[in-house]
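Please look over the sequence and the 3D structure below. A short briefing comes after them.

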Amino acid sequence: MAPVATDDAAHSESAYTPKHIEDKLFIDGEFVPSVSGKKFDIYNPTTEKLAASVYEAGGEDVDLAVKAAKEAFPAWSALSAAERTGYLNKLADAIERNADELAYLEAITMGKPYVDDFSIKFSVQNLRYFAGKAIDVAGDSSLNSTGFVTLSLRQPFGVCGAITPWNVPLLMLVNKLGPALATGNTLVVKSSEKSPLSSLAVGRLAQEIGLPRGVLNILSGFGRPCGEAIAKHMDIRKISFTGSVIAGRAIKKAAAESNLKNVTLELGGKSPLIIFDDADIARAVPAAAFSILVNSGQSCVATSRVYVHEAIATQFLDAMKTAMVELLPAANPLLPNTGRGPQVDKAQFERVMSFLDYARENNISMPVGGGRQGTTGYFVEPTIIANPPEDSRVMKEEIFGPVLCVNTFTDEAEVLKRANDTEFGLYASVFTKDISRALRVVKALEAGSVGVNCSSPSMAVDMPFGGWKQSGDGRELSRHCTDYWTELKSVFIAL
């Protein structure tokens with residue numbers, strides 16, 4: 001395996017350098033230090049050197065942000081849909097103009113490749129889509145009751161909370177603030193402590209476009225105390241969370257024990273890919289490799305379990321060995337042509353390595369990879385784990401790294417049972433040229449999204465996204481997204 005290119009001298013020659021990295025909290029339209037004055041450090045996962053120190057939000061900061069959001073709500077919700085659309089489109093334009101800065105901040109905090117960062121492009125696209133949905137928020141009417149005209153109205157909750165993950169921080173922020181603000185809510189966001197910088201930059205852009213004070217508040221902090229304070233706050237009526245199952249369960253519990261606030265969740269995945277013997281191997285191999293390598297495998301929808309028909313298993317595995325090594329070469333994410341960066345931090349790197357150690361200790365074959373890549377930075381070799389037992393840790397738990405488990409099968413019913421034998425249900429895929437088989441499998445797979453002759457991260461902004469089983473509750477994207485940010489009210493008018 002080639003060493004990773006992490007030459008520090010190349011940083012200034014290859015990438016944008018911001019004039020200022022924001023470290024304060026964004027509350028009521030202003031950047032302010034935390035009440036406690038405490039800060040926490042963020043390390044660049046490529047160089048393992050300090051990237052920034054950021055103020056840490058606590059419970060008192062959450063209270064201030066909620067107060068600002070509460071005061072802003074009446075005026076914001078009273079705006080016309082067109083006026084809210086205008087603000088969101090201005091924010092999308094500002095994100096597009098500042099793409100270099102945002103991509104740089106994500107590269108130095110979570111290792112996302114800087115050049116052609118897909119998440120920046122999708123953030124702009126999605127925010128413009130959500131902006132257009134503001135005018136579509138509407139209820140129904142009926143004349144079916146004698147002597148009555150009856151209506152249903154969709155109205156905002158009021159102050160809402162959002163907790164975003166570290167793996168695609170800007171895109172996840174946009175996917176929550178877009179529909180929340182479009183529907184007339186005001187929002188308090190906690191970004192991940194691992195990658196808060198791009199979210200804070202969005203606060204500055206909100207200032208620049210003149211977004212009314214208090215409509216959007218952005219806090220940097222940890223699950224405890226900041227996230228917990230949001231989940232328990234009595235003035236927050238709805239919360240949206242993206243992250244781990246463990247944290248999602250804690251948020252639902254906190255919401256239930258406080259004011260029974262509405263909760264939507266997008267959680268983990270252990271996505272299966274089934275490749276039948278008639279599949280187009282030339283398409284299936286790069287699709288499988290790209291899915292587990294993009295974003296260094298740090299994706300909830302990553303295809304991490306492949307079931308390939310025994311008749312083509314040798315051919316598939318041989319091609320996968322090459323694709324895993326060559327498709328997205330690892331390097332410093334600030335350098336041109338980097339396909340894959342490091343894991344986000346030391347803790348995540350050690351977690352991924354623990355799964356590789358487990359495979360070795362249990363004599364499970366790893367025909368490709370299985371170790372650290374390079375000597376500096378949290379890079380993991382692209383790894384294939386071959387024929388792991390179905391009940392093994394590597395098959396049951398979300399690894400969140402460039403690690404692919406490959407097993408074989410012969411029978412359709414049997415492989416569907418194995419594919420569904422998980423508490424996750426976020427994404428699944430099938431490769432076959434038989435349309436009847438494809439539709440049978442699509443119907444049988446227990447997942448919120450299913451790819452046919454494609455794999456994750458294939459998505460569309462106008463299609464709903466979310467999980468089955470422990471992978472989530474509720475949906476993002478599509479025309480359904482605004483439903484989860486509004487309350488439904490029935491009105492009965494006697495004639």
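This is a predicted model: local features need pLDDT of at least 70, side-chain atom pairs count only at pLDDT 80 or more; totals for chains, interfaces and linings use all residues.

Residues are numbered from 1 along each chain as its sequence is written, and side-chain values use heavy atoms, with hydrogens and water left out.

**Sheet**
- Seven strands make an open, mixed sheet in the order E14-E15-E16-E13-E12-E17-E18.
- Strands (E, at least two residues) and helices (H or I, at least four) are DSSP runs numbered from the N terminus, and two strands pair if DSSP finds at least two bridges between them.
- Strands E14 (365–368) and E18 (449–452) are at the edges with a single partner strand each, so one side of each has no neighbour in the sheet.
- Strand E12 (residues 271–275) runs parallel to strand E17 (residues 427–431), and three bridges join them.
- Ile-275 has Phe-431 in E17 as its bridge partner.

**Aromatic pairs**
- Rings of Phe, Tyr and Trp (its six-membered ring) pair if their centres lie within 6.5 Å; planes under 30 degrees apart count as stacked, over 60 as edge-to-face and the rest as tilted.
- The count by this rule is eight aromatic pairs.
- Phe-26 and Phe-31 form a tilted pair, 5.0 Å centre to centre with 45 degrees between the planes.

**Charges over rings**
- A charge sits over a ring if NZ of Lys or CZ of Arg is within 6 Å of the ring centre and within 35 degrees of the ring normal.
- The charged end of Lys-238 sits over the ring of Trp-485, 4.7 Å from its centre.
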